[in-house]
Amino acid sequence: MGCKKVNNWIPDKVHRVITTAIENMVKLVISGSSLIRPKIKNEISLKERESKVRSRIKWYRNTASVEGAITGAGGILLGFADFPAFLTIKMKMLFDIASIYGFDTKDYQERLFLLYVFQLSFSSQQRRNDLIGLIEDWDNYKNTLPKDLNEFDWKTFQLDYRDYIDLAKLAQLIPLVGAGVGAIANYKMTELLGKNAMNAFRLRILLNDK
């Protein structure tokens, strides 16, 4: 069953909630400071960093699962609340991971890198193929980033994510059944994002060490 067909079944109100949540998250990433974490000192090894990263992913994964179960149990009304809450959990995790790997999340380019990692995790296979190449060539690509944020392709970013989670979380809006679905969906998506972030930052570190 395609995303477009399922999307047609979902009320416009749900789509609006998702889109608004994504827009707010983007603004927070670009201009906010509440998610910034201090960088981990450079003296620790990559192995130690990744041990810390795995612990943070586990914590955020479990937190997201509980949040999904609670909002899923409430059906469609609490289901609306899950989208911005779940987005916040995932973005906090990305900022933590970046800091543990030693990257400065105060830097505008690093924040955009987090958005690309996010998009890599929640988009179509064709789009993921493009994003993998972009991340592999980040040191060159970052120099082409728009100076004006209005030139960034926010629409594609929003639609990719919305279409991905519509299928994964549609059943969460059903009372009672939604609790189990919400817990599992949030758990799996948080874990996926964490693994992709690890691979992306690991790749950058290895390429820089060459």
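**Reading a helical chain**

Mentor: Let us begin with a single residue, keeping in mind that this is a predicted model. Leaving aside its neighbours within four places in sequence, Gln 119 is in contact with Arg 127, Leu 131, Thr 156, Phe 157 and Asp 160.

Trainee: Where does Gln 119 lie, and why does Gln 119 count as buried or exposed?

Mentor: Gln 119 lies in helix α5. Gln 119 counts as buried because its relative accessibility is 3%, and buried means under 20%.

Trainee: What elements make up the protein chain as a whole?

Mentor: The protein chain has nine helices and zero strands, so that, read from the N terminus on, its elements run α-α-α-α-α-α-α-α-α. Of the 210 residues in the protein chain, buried residues make up 46%. When we take contacts between residues at least 6 apart in sequence, 79% of them join residues at least 24 apart. The protein chain exposes about 10,700 Å², and carbon and sulfur atoms supply 56% of that area.

Trainee: Which residues touch the most other members of the largest nonpolar core?

Mentor: The general idea is that, in soluble globular proteins, nonpolar side chains tend to be buried together. Here the largest nonpolar core has 44 residues, of which Met 25 and Phe 118 touch the most other members. At least two residues of this core come from each of α2 (12-31), α3 (46-73), α4 (76-100), α5, α6, α8 (154-169) and α9, and α4 gives the most, with 10 residues. If we set aside its neighbours within four places in sequence, Phe 118 is in contact with Met 25, Leu 87, Lys 90, Met 91, Leu 94, Phe 157, Tyr 161 and Leu 193.

Trainee: How much space lies in the largest pocket, and which residues line the pocket?

Mentor: In general, rolling a probe the size of a water molecule over the atoms shows where empty space is left. In this model, about 180 Å³ of space lies in the largest pocket, and its lining consists of Leu 120, Ser 121, Arg 128, Ile 132, Ile 135, Glu 136, Leu 192, Asn 196, Asn 199, Ala 200 and Leu 203. The elements that give two or more residues to this lining are α5 (108-121), α6 (125-136) and α9 (177-208).

Trainee: Which element gives the most to the lining, and what classes of residue are found there?

Mentor: With five residues, α9 gives the most to the lining of the largest pocket. By class, the lining has six nonpolar, three polar and two charged residues.

Methods:
Residues are numbered from 1 along each chain as its sequence is written. This is a predicted model: local features need pLDDT of at least 70, side-chain atom pairs count only at pLDDT 80 or more; totals for chains, interfaces and linings use all residues. Side-chain values use heavy atoms; hydrogens and water are left out. On a 1 Å grid over the protein atoms alone, a cavity is a set of points where a 1.4 Å probe fits but cannot get out, and a pocket is an open set with protein on both sides within 12 Å along at least five of seven lines; lining residues have an atom within 4 Å of a point. Grid points are joined across faces, edges and corners, and a volume is the space filled by probe spheres set on the points. Helices (H or I, at least four residues) and strands (E, at least two) are DSSP runs, numbered from the N terminus. Ala, Val, Leu, Ile, Met, Phe, Trp, Tyr, Cys and Pro count as nonpolar, Asp, Glu, Lys and Arg as charged, and the others, Gly among them, as polar. Buried means under 20% relative accessible area, exposed over 50%, partly exposed in between (1.4 Å probe, protein chains only). Contact means heavy atoms within 4.5 Å. A nonpolar core is a set of buried Ala, Val, Leu, Ile, Met, Phe, Trp, Tyr and Cys residues joined through side-chain atoms within 4.5 Å. Accessible areas come from the Shrake-Rupley method with a 1.4 Å probe; for residues, only the protein chains shown count as cover.
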